[in-house]
Amino acid sequence: MSWNSLVVCILSCAGTQIPLVLAGAQAKPDLPTVDISGETNRHVIIAPGSESVYQGHPTTLLMPDGKTMYAVWTIGHGGPNGPVSRSDDSGLTWK
């Protein structure tokens, strides 16, 4: 897998509530950190990159049905958004 590939790591946190932090808020939340970078069986490649094409900075949206997801990302570091993929199985496969 190229370093420039767009990868989505699926982490299931059923029942976990994560507090929202609003701009200007004074309190810092105590959020747990989970590193699953070594658990490659949980990685899904949406758009393989190459040495010359960087695909990254994804924004994802999980729809209210809990299964449909959209991912939008950039081609080039910080470039304009453009490519979009859809998943109908909570991010396990993409089209």
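Start by selecting Gly56: its bridge partner in β4 is Thr74. The model is predicted; local features need pLDDT of at least 70, side-chain atom pairs count only at pLDDT 80 or more, and totals for chains, interfaces and linings use all residues. Residues are numbered from 1 along each chain as its sequence is written, and side-chain values use heavy atoms, with hydrogens and water left out.

**The sheet**

Now select β3 and strand β4 (residues 69–75). They pair in the antiparallel sense over six bridges. Strands here are DSSP runs (E, at least two residues), helices are runs of H or I of at least four, and both are numbered from the N terminus. Two strands pair if DSSP finds at least two bridges between them.

The three strands form an open sheet in the order β3-β4-β5, with antiparallel pairing. β3 (55–62) and β5 are the edge strands, and each pairs on one side only. On average, neighbouring strands of this sheet are turned by 25 degrees against each other, direction ignored. Axes for that angle are lines fitted to C-alpha atoms, and angles run from 0 to 180 degrees between N-to-C directions.

**Ser85**

Move to Ser85, in strand β5 (residues 81–87). Is Ser85 buried or exposed? Ser85 counts as buried because its relative accessibility is 9%. The cut-offs are under 20% relative accessible area for buried, over 50% for exposed and partly exposed in between, with a 1.4 Å probe and protein chains only.

Show the neighbours of Ser85. Leaving out residues up to four places away in sequence, Ser85 touches Ile46, Met69, Tyr70, Ala71, Trp73, Trp94 and Lys95. A contact means heavy atoms within 4.5 Å.

**Ser87**

Next, select Ser87, also in strand β5. Ser87 is buried, with a relative accessible area of 0%. Which residues does Ser87 touch, not counting those up to four places away in sequence? They are Lys67, Thr68, Met69, Leu92, Thr93 and Trp94.

Draw a distance from Ser87 to Tyr70. Their C-alpha atoms are separated by 6.4 Å, though the residues are 17 apart along the chain.

Then turn to the side chain. A polar contact of 2.8 Å joins the side chains of Ser87 and Asp89. A polar atom of the Ser87 side chain also lies 2.8 Å from the backbone nitrogen of Gly91. Polar contacts are pairs of N or O atoms within 3.5 Å; within protein, one must be able to donate a hydrogen and the other to accept it, and residues adjacent in sequence count only if both atoms are side-chain atoms.

**Zoom out**

Show the whole protein. It has zero helices and five strands. Of its 95 residues, 22% count as buried.
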